[in-house]
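Hi,

Here is the model I promised to pass on.

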Amino acid sequence: MSRILVYCGFRQSPGLALPTVGVNSAPVQVASFDSLGLLGSEVEWPFDPQRMQKSAVEFHEVVHKVFKQTAVIPFRLLSVFDDPQAFTAFAAENCQRFLQDLNRLKDVVQMECVIYPKPSETPVDRSSGKAYLEQKAVALRSSEASAQATQDALAHLSREVRVREGKNGTRIFVLVDRGRENDFRQAVNAVPIPSQLSRRVSGPWPAAEFLSEQVKMPQTDGVAGAK
Amino acid sequence: MGHGLRTLLSLMPNDFETLETLGGEDEVSLLEILDHVLNSGVVIHGSLVISLAGVDLVYLGLNVVLTSVETALSNLQIEEKRRQK
């Protein structure tokens, strides 16, 4: 059984060098509607579990080849349509929403900074419930203060910021102008961080965190076969 | 748990190596790639429906792996700190 695996959407322009080979060496196809391009491949479905990790890297490479040249809207791995008609119909139905987001995000990239506690640094205080909660509260305040200091240090670079708290720390997503990725890294590294915390910086990534809700969860009402 | 999930989980602990992206100027870890391709971007509406079809079960499995990727990323960060010491 085969399906159409979708990689990303982008605004088409003559100078773009598009990838020709995708996951599992499948040829990459372009579905076009207006100036929107959507990249996809006809793949054997479901994926061979033995090469799932390799498929993930190949998927990433397709998206990043386009992203290095222009803004993209990435799809999550395993977004598939039953057939090319459903794929094309999806492009037509969501074209304007996708193009609006691509226009808004055309000159920016997403950088990320995760601030997280060093688990082994401070032994957990189990002497009482109160002591345990107080220790957790101190750690949380410290993490929040560091996240705020990082955001303040990035204010001159940030077009937009999103912060997500998770059980593994605070994740800060920042939209910065394309080409200013090193400025971002330097600004983050200049912020002192308490000894009990650590941080990790990554990027540039496509601005997936900043997509509009309609694009993140697009309409597929008229599309048979979207999976 | 889908076969895909089992495969990913079994591969993760030994795959903390750093990959170079196309062009080579940026380095990203395999786990960061997995985190982004599975956890960021457009979700096609119907893909979250769980059904008895094999396809959807695989997708479900890879949704479940997202939590594990978060945990694995945290472990990676700890491991890197240990190496630096």
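Eight bridges tie strand E6 (residues 108–117) of chain A to strand E8 (residues 169–177) of chain A, and the two run antiparallel. Strands here are DSSP runs of at least two residues, helices are H or I runs of at least four, and both are numbered from the N terminus; two strands pair if DSSP finds at least two bridges between them. Within E8(A), Arg171(A) is the bridge partner of Val114(A), and Thr170(A) is that of Ile115(A).

This is a predicted model, where local features need pLDDT of at least 70 and side-chain atom pairs count only at 80 or more, while totals for chains, interfaces and linings use all residues. Residues count from 1 along each chain as its sequence is written, and chains are lettered from A and ligands numbered from 1 in the order in which they are written.

E6(A) also pairs with strand E9 (residues 197–205) of chain A, antiparallel again, over seven bridges; there Gln110(A) sits opposite Trp205(A). Put together, you get an open, antiparallel sheet of four strands in the order E7-E8-E6-E9 (chain A). Its edge strands, E7 (160–166) and E9 of chain A, each pair on one side only.

So how enclosed is E6 of chain A? Ten of its ten residues are buried (20 or more other C-beta atoms within 10 Å of a residue's own, with C-beta atoms placed from the backbone), so the strand is largely enclosed by the rest of the structure. Both faces are covered, with Val114(A) among the buried residues on one side and Ile115(A) among those on the other.

Cheers

Conventions:
Buried ≥ 20, exposed ≤ 12 C-beta atoms within 10 Å, placed from the backbone.
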